Amino acid sequence: MKAPAGRERAHAFHQLFQAEAARRVCRWLAKLRVPERDRHDLSQDVLLLALTRFGSYDPSRGSVVRWLNGIAVNLASRYHAKASRRREVITDPVALCEVGGSATPLDLLLAAERRRLLRSLVLELPFELRSVLFQHDLHEISMRDIAETRAIPLSTVYKWRTRALHGAQAALARRVAAEEER
């Protein structure tokens, strides 16, 4: 036969303030990699939070030890996530570029702009030319496979790709001329 819930809660409350509970919390915090210098402060925070939130403790859901462990885990997680605990190293932007390769932020920006321009030029092409260009140059499908899939002669596929390249070059020339006029 189970003891009444009030008696269980009273026993649990009494367990919270035993010396063993404080030692147990310190051990948990050590396993959660809280440095020793902060461990006692954080264990006090755990016990204080347990005291203030004891009204939410439900003995039917588990023992007070498990409940206390949950509080310790949550506070240790917050402790590790705190900005004051992070160690940030200031790095020279030039050194970052050297580590990431030879591309500087300006180079990366220009490459992105070139890709955007090329995409817009290719999208101006008729569908047949554009699709052959995408299939062969982007998806690396062989010209022979493209011809077989479309049931057209191989020479036609080569002509369409050549027309697509020339069409993109002509569109680029038109854009450059329009920019120079402005």
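# Asking how we know

Author: Let us begin with the largest pocket, whose lining residues divide into seven nonpolar, no polar and three charged. Please keep in mind that this is a predicted model.

Reader: Which residues line the largest pocket?

Author: The lining consists of Arg115, Leu118, Arg119, Val122, Leu133, Phe134, Asp137, Leu138, Leu165 and Ala168. Arg and Asp count as charged, whereas Leu, Val, Phe and Ala count as nonpolar. Two or more of the lining residues come from each of helix H6 (105-123), helix H7 (127-138) and helix H9 (154-181). The volume of this pocket is about 280 Å³.

Reader: What makes up the lining of the second largest pocket, by class?

Author: Here there are two nonpolar, three polar and three charged residues. The residues in question are Ser56, Tyr57, Asp58, Arg61, Gly62, Ser63, Arg66 and Trp67. Gly is counted among the polar residues. This second largest pocket has a volume of about 160 Å³.

Reader: How do you know how many helices and strands the chain has?

Author: A helix is a DSSP run of at least four residues, and a strand is a run of at least two. On that basis the chain has nine helices and zero strands. Reading along the sequence gives the pattern α-α-α-α-α-α-α-α-α.

Reader: Which residues of H9 are called buried, and what covers them?

Author: The buried ones are Val157, Trp160, Ala164, Ala168 and Ala171. Over the whole chain of 182 residues, buried residues make up 25%.

Reader: Why is a group of residues called a nonpolar core, and which have the most contacts inside the largest one?

Author: The name applies because such residues are buried, belong to the nonpolar types listed for a core, and are joined through side-chain atoms within 4.5 Å. The largest nonpolar core has 21 residues, and Leu16, Val25, Leu29, Val46, Trp67 and Leu68 have the most contacts inside it. At least two residues come from each of helix H1 (5-16), helix H2 (19-31), helix H3 (36-52) and helix H4 (64-81). H4 gives the largest share, eight residues. Another core, of 11 residues, lies apart from it and includes Leu133, Met143, Ile146 and Ala164.

Reader: What does Val46 contact, leaving aside its neighbours within four places in sequence?

Author: Val46 is in contact with Val25, Leu68, Ile71, Ala72 and Leu75. Across the chain, among contacts with a separation of 6 or more, 57% are between residues 24 or more positions apart.

Reader: Why is Arg33 called exposed?

Author: The cut-off for exposed is over 50%. Arg33 has a relative accessibility of 68%, so it counts as exposed. Arg33 sits in the loop between H2 and H3, and its phi is positive, about 60°, although it is not a glycine. Most residues other than glycine have a negative phi.

Reader: And what makes Ala151 exposed?

Author: The relative accessible area of Ala151 is 70%, and therefore it passes the cut-off of over 50%. Ala151 is found in the loop between H8 and H9. Ala151, not a glycine, also has a positive phi of about 60°.

Technical notes
Residues are numbered from 1 along each chain as its sequence is written. This is a predicted model: local features need pLDDT of at least 70, side-chain atom pairs count only at pLDDT 80 or more; totals for chains, interfaces and linings use all residues. Side-chain values use heavy atoms; hydrogens and water are left out. Buried means under 20% relative accessible area, exposed over 50%, partly exposed in between (1.4 Å probe, protein chains only). Contact means heavy atoms within 4.5 Å. On a 1 Å grid over the protein atoms alone, a cavity is a set of points where a 1.4 Å probe fits but cannot get out, and a pocket is an open set with protein on both sides within 12 Å along at least five of seven lines; lining residues have an atom within 4 Å of a point. Grid points are joined across faces, edges and corners, and a volume is the space filled by probe spheres set on the points.
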